[in-house]
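Me: Hi! Could you walk me through this protein in plain words?

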Amino acid sequence: MYFEDKKNVIIMEHPLIKHKISLLRDEKTGTLEFRTLVEEIAMLEAYEALRDLPLADVEVKTPLETCMTPMIDGKKMAIVPILRAGLGMVSGVHALVPSAKVGHIGLYRDPETHEPHEYFCKLPEPIEQRMVLLVDPMLATGGSAAEAVDFIKERGGKHIKFMCILAAPEGLRKLSERHPDIEIYAGHMDRGLNENAYIVPGLGDAGDRIFGTK
């Protein structure tokens with residue numbers, strides 16, 4: 001399902017994703033189960049988001065004969081989580097593409113202005129030759145995601161996709177308008193943001209629930 005008239009924003013409709021997100025929302029879901037669900041949802045979303053991964057023909061010897069057959073060109077992909085909550089999605093994507101390189105972008109949100117600030121950025125090289133999958137469980141205001149895409153582009157990244165579990169309409173609109181050239185995948189679009197810029201009904205603080213902190 002597309003968001004508004006924006007063809008670069010895809011809202012997932014798979015029943016397994018919907019079911020697992022409902023489990024994530026439950027305040028009774030503990031840290032271990034929450035972390036596992038995030039990994040599983042990331043894997044399900046990545047299956048769709050990575051549908052155009054580059055392939056290269058390789059020679060394989062079957063029990064009957066030798067043939068040329070396509071395999072993923074792993075050197076052309078990078079998984080980049082937005083710290084810290086994005087780390088929870090990496091293993092789910094890595095399970096599908098184990099050879100993908102991993103970078104990290106560190107951002108924190110000012111509690112007063114809700115604006116993002118960078119404190120770390122390390123990307124696999126050569127980033128301009130890689131398909132970059134930027135991951136963060138929550139797309140709230142869209143500020144952090146938009147800044148992270150800026151950082152990747154400033155360092156030469158060209159082929160970028162963003163993937164989240166929950167998104168607010170405000171964040172989807174901001175990210176898609178600021179970066180209309182990237183593909184955006186969301187597991188579900190929630191109602192909106194509250195006065196503290198948290199997604200509602202949401203699932204709370206994804207980072208705290210993944211890592212068991214308060």
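**A chat about the pockets and the fold**

Reply: Happy to! Let's begin with the second largest pocket: β2 (6-11) and α2 (31-49) each give at least two residues to its lining. Bear in mind that this is a predicted model.

Me: Which element gives the largest share of that lining?

Reply: That's α2, which provides 3 residues of the lining of the second largest pocket.

Me: And how much space lies in the second largest pocket?

Reply: About 160 Å³. It is lined by 10 residues, and those closest to its centre are Met12, Glu13, His14, Ile17 and Glu48. Sorted by class, the lining of the second largest pocket has 7 nonpolar, 1 polar and 2 charged residues.

Me: OK, now the largest pocket. What volume does it have?

Reply: The largest pocket has a volume of about 650 Å³.

Me: Which residues lie nearest its centre?

Reply: Arg109, Asp136, Met138, Ser144 and Asp205 do, out of the 28 residues that line the largest pocket.

Me: Which elements each supply at least two residues of that lining?

Reply: For the largest pocket, they are the strands β5 (77-83), β7 (104-109) and β10 (138-139), together with the helices α4 (143-154) and α6 (206-211).

Me: What classes are found in the lining of the largest pocket?

Reply: There are 15 nonpolar residues in it, along with 8 polar and 5 charged ones.

Me: Let's zoom out. How many helices and strands are there in the protein?

Reply: The protein has 6 helices and 14 strands. Its C-alpha trace spans about 65 × 40 × 35 Å along the principal axes.

Me: What does the radius of gyration say?

Reply: For 214 residues, a compact globule would have a radius of gyration near 17 Å, and the protein has 17 Å, so the two agree.

Me: What percentage of the residues is buried?

Reply: Buried residues account for 48% of the 214 in the protein. As for the accessible surface, the protein has about 10800 Å², and carbon and sulfur atoms hold 54% of that.

Me: New topic: where are the cis peptide bonds?

Reply: Arginine 84 sits in the loop between β5 and α3 (87-96). Another cis peptide bond joins valine 200 and proline 201, where omega is about 0°. Proline 201 is in the loop between β14 (199-200) and α6.

Me: Tell me about valine 200. Is it buried or exposed?

Reply: Valine 200 has a relative accessible area of 19%, so it counts as buried, the cut-off being under 20%. It lies in strand β14.

Me: Which residues is valine 200 in contact with, leaving aside its neighbours within four places in sequence?

Reply: Those are Asp190, Arg191, Gly192, Leu193 and Asn194.

Me: And how far apart are valine 200 and glutamate 177?

Reply: They are 23 residues apart in sequence and 22 Å apart in space, going from C-alpha to C-alpha.

Me: Last one: what's the story with alanine 197?

Reply: Alanine 197 has a positive phi of about 65° although it is not a glycine. You'll find alanine 197 in the loop between β13 (192-193) and β14. It is buried too, with a relative accessible area of 7%.

Note on methods. Residues are numbered from 1 along each chain as its sequence is written. This is a predicted model: local features need pLDDT of at least 70, side-chain atom pairs count only at pLDDT 80 or more; totals for chains, interfaces and linings use all residues. Side-chain values use heavy atoms; hydrogens and water are left out. On a 1 Å grid over the protein atoms alone, a cavity is a set of points where a 1.4 Å probe fits but cannot get out, and a pocket is an open set with protein on both sides within 12 Å along at least five of seven lines; lining residues have an atom within 4 Å of a point. Grid points are joined across faces, edges and corners, and a volume is the space filled by probe spheres set on the points. Helices (H or I, at least four residues) and strands (E, at least two) are DSSP runs, numbered from the N terminus. Ala, Val, Leu, Ile, Met, Phe, Trp, Tyr, Cys and Pro count as nonpolar, Asp, Glu, Lys and Arg as charged, and the others, Gly among them, as polar. The radius of gyration is taken over C-alpha atoms; the globule rule is 2.2 Å times the number of residues to the power 0.38. Buried means under 20% relative accessible area, exposed over 50%, partly exposed in between (1.4 Å probe, protein chains only). Accessible areas come from the Shrake-Rupley method with a 1.4 Å probe; for residues, only the protein chains shown count as cover. Contact means heavy atoms within 4.5 Å.
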